[in-house]
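Have a look at the structure first, then try each task before reading its solution.

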Amino acid sequence: NRGYGSFEDFLDSLRSAIPEHTSDSRTAVNLNEILRDVLDLTTTRMLSAGVSVQWQPQSVLPSINAYPNRMRMMFKALVDNAIEAMNAKGWRERELRVVTRGHPDRVEVLIEDSGPGIPPGLRYKVFEPFFSTRMGGGKHLGTGLSSAQQVAADHDGVIDIDSTERRGCRVRVVLPVSRRG
């Protein structure tokens, strides 16, 4: 029983380890700051995988009304997927490009990788829960992209996969800007 007095004590300990969802409240968010946090969180993983990053933020972005922690989770899932795609055995070109663009009514984020890409027939399927393109990926549940898509939808945004003129994958996230007044 690993030092817990009873099964109830174990459950109480487990419940206390689960973060409360209510701690994140909706606020004006600068996506450049969110993406910078995500890139900082993934630096060690990118370095160990030999991934180089091109970070191209627009200098001034309009704010979006969002849950900051959910935004971090969404973009981390997208960046993690890109790193994983490029980390395939024998894959040499490992470049990640993250771009932000502000428009009067929306903010766009492009996350492009130089990995093998996603076949056109799977571009919508990859957003289904429990779907994974990884062969025998026992440790991968296939929930990252479906969760990311849900976060975008909860913020009245969308995630889609664009074709690129070169190899790799380009994920495009579009989120509406905060309405003033």
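**Exercise 1.** Which residues does Val174 touch, not counting residues up to four places away in sequence?

*Solution.* Keep in mind that this is a predicted model. Start by placing the residue: Val174 sits in strand 7, which covers residues 169-176. Now look around it. Val174 touches Arg106, Val107, Glu108, Gly157 and Val158.

**Exercise 2.** Decide whether Val174 is buried or exposed.

*Solution.* First get the number: the relative accessibility of Val174 is 13%. Then compare it with the cut-off, since buried means under 20%. Val174 is at 13%, so it counts as buried.

**Exercise 3.** Work out how strand 5 is paired, and with which strands.

*Solution.* Begin on one side. Strand 4 (residues 95-102) runs antiparallel to strand 5, and seven bridges join the two. The link between strand 4 and strand 5 is a hairpin of three residues.

Next, turn to strand 7. Eight bridges connect strand 5 with strand 7, and these two also run antiparallel. Here you can look for Glu112, which stands opposite Arg170 in strand 7.

Last, check how covered strand 5 is. Out of its eight residues (106-113), seven are buried.

**Exercise 4.** Find Thr42 and say what it is in contact with, leaving aside its neighbours within four places in sequence.

*Solution.* Thr42 belongs to helix 2, residues 31-49. Its relative accessible area is 2%, so Thr42 is buried. Its contacts are Lys76, Val79, Asp80 and Ile83.

Now look at helix 3, which spans residues 68-86. Its buried residues include Val79, Asp80 and Ile83. As for length, the 19 residues of helix 3 reach 27 Å from first C-alpha to last, close to the 27 Å expected at 1.5 Å a residue.

**Exercise 5.** Where in the chain is confidence lowest, and where is it highest?

*Solution.* Take the overall picture first: the chain has a mean pLDDT of 81, with 69% of its residues at 70 or more. Helix 1 (residues 7-17) has the lowest confidence, with a mean of 65, while strand 4 has the highest, at 96. Where pLDDT is low, the predicted coordinates should not be read in detail.

Definitions and conventions:
Residues numbered from 1 in each chain as written. Predicted model: local features only at pLDDT ≥ 70, side-chain atom pairs only at ≥ 80, totals over all residues. Heavy atoms only, no water. Helix = DSSP H or I, 4+ residues; strand = E, 2+ residues; numbered from the N terminus. Buried < 20%, exposed > 50% of the residue type's maximum accessible area, 1.4 Å probe, protein only. Contact = heavy atoms within 4.5 Å. Pairing = 2+ DSSP bridges. Expected span 1.5 Å × (residues − 1). pLDDT = per-residue confidence, 0-100.
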